[in-house]
Amino acid sequence: MAESIRTIPTGFETFGHSWTNPTAREWRFHIFLLFLTVATTTLSGVMLVMPQIGSDPPLRRPLDYVLYVPVAYVTSVIEFFSYTFTHPQLLVQGMMFSMSLLTILLCHEMGHYLASRHYKVDATLPYFIPAPPLFLAGTFGAFIKIKSPIPTRRALFDIGLAGPFAGFVAAIPIAVLGILTTAAPVPGPSDYGIYFNDPLLFRLLARVAGVTLDPNSPPNVYLMAAWIGLLVTSLNLMPVGQLDGGHGTFAVFGPRAHKIIGRVAFVVMAALSILGFWWHGSPSGFLYTVLLAVMLRVRHPEPPLMEALGGKRTLIGILALVVFALCFLPFPITIR
């Protein structure tokens with residue numbers, strides 16, 4: 001995810017910072033969050049592969065409408081745990097989803113973390129954010145907090161893009177496994193009203209493997225974990241604010257172009273969100289638009305040493321655009 005960075009006071013000349021090793025208490029807290037997120041993402045994986053159960057609560061009185069969401073949620077959780085208790089084999093699939101998704105997120109954050117260590121920039125261990133049971137993918141993602149200034153333009157570039165590249169590389173074998181284990185489409189109309197559209201990487205890998213991806217195929221935990229991982233990667237590569245792509249854009253083009261490119265990306269995403277709702281019945285694009293609007297309000301600090309990036313990093317910047325194109329979905333979800 002995006003990492004908040006600080007500026008260096010004028011006159012700061014020493015680029016090396018003392019690295020603060022995590023304390024035992026910090027280790028325990030990070031491990032606790034990780035295990036909690038393993039639990040919530042496992043439950044989401046189980047929900048992904050289990051058949052549709054239960055029914056909506058009856059709406060007879062005005063109070064029923066007011067309490068519909070909390071009552072429906074509690075009822076769904078109770079029915080979910082009851083069904084899972086009688087079908088424990090579903091937990092294996094849920095665990096595979098959890099391990100696949102968290103591997104991608106962990107590699108993303110460790111990319112930032114190791115790059116920070118390389119430049120002696122102090123940073124925390126990854127924080128994993130669990131979500132309530134049966135909510136989305138079971139996690140709101142992960143992040144690290146950079147605790148000391150980023151000293152140079154090259155350090156900003158490397159730390160910013162190391163995360164998306166590491167997460168993308170981790171997602172490829174998981175996507176391949178998902179494509180190779182995709183079951184045959186279900187005959188007749190699908191029971192699922194939500195369709196997850198395939199990013200370009202999925203389509204290329206499926207063509208190489210000789211596999212046809214069909215929205216009516218049964219849910220695949222590996223493919224879904226890779227789908228979420230690629231979506232997170234593309235979102236972080238948006239050239240806006242202090243998102244990872246924003247760091248890269250700032251390092252390559254400077255502050256003025258960073259501001260202009262960020263605003264253009266916001267306008268494009270706002271237009272896509274309207275088209276996505278109109279053509280695909282999905283309001284998900286509006287969430288990204290709101291996020292980008294918030295990121296536009298966050299000032300991006302300028303490293304004190306804005307040295308030339310060099311040809312190698314220019315090529316890496318072009319490669320980042322290719323990764324973004326392979327991951328980005330203008331319309332991620334179709335609701336029918």
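A residue is called buried when its relative accessible area is under 20% and exposed when that area is over 50%, with partly exposed covering what lies in between. The model discussed here is a predicted one. Phenylalanine 29 has a relative accessible area of 43%, and therefore falls into the partly exposed class.

The structure holds six aromatic pairs. In one of them, the ring centres of phenylalanine 29 and tyrosine 127 lie 6.3 Å apart while the ring planes meet at 65 degrees, so this pair is edge-to-face, given that planes over 60 degrees apart are classed in that way. Because phenylalanine 29 belongs to helix H1 and tyrosine 127 to strand S1 (residues 127-130), the pair ties together parts of the structure that are 98 residues apart in sequence. Phe29 and Tyr127 also form one aromatic cluster together with Phe143.

Another of the pairs has a stacked arrangement: the rings of phenylalanine 324 and phenylalanine 328 have centres 4.9 Å apart and planes at 15 degrees, so the pair counts as stacked, the limit for that class being under 30 degrees. Phenylalanine 324 is partly exposed, because its relative accessibility is 21%, and phenylalanine 328, for which the value is 21%, is likewise partly exposed.

Helix H1 (residues 24-49) is also where leucine 34 is placed. Leucine 34 counts as partly exposed because its relative accessibility is 30%, and together with Trp27, Ile31 and Phe35, Leu34 makes a nonpolar surface patch of about 400 Å².

Notes:
Residues numbered from 1 in each chain as written. Predicted model: local features only at pLDDT ≥ 70, side-chain atom pairs only at ≥ 80, totals over all residues. Heavy atoms only, no water. Patch = residues over 30% accessible without salt bridge, like charges linked within 9 Å, V, L, I, M, F, W, Y side chains within 5 Å. Areas by Shrake-Rupley, 256 points an atom, 1.4 Å probe, with all protein chains shown as cover. Salt bridge = Lys/Arg side-chain N within 4 Å of Asp/Glu carboxyl O. Helix = DSSP H or I, 4+ residues; strand = E, 2+ residues; numbered from the N terminus. Buried < 20%, exposed > 50% of the residue type's maximum accessible area, 1.4 Å probe, protein only. Phe/Tyr/Trp six-rings, centres within 6.5 Å; stacked < 30°, edge-to-face > 60°.
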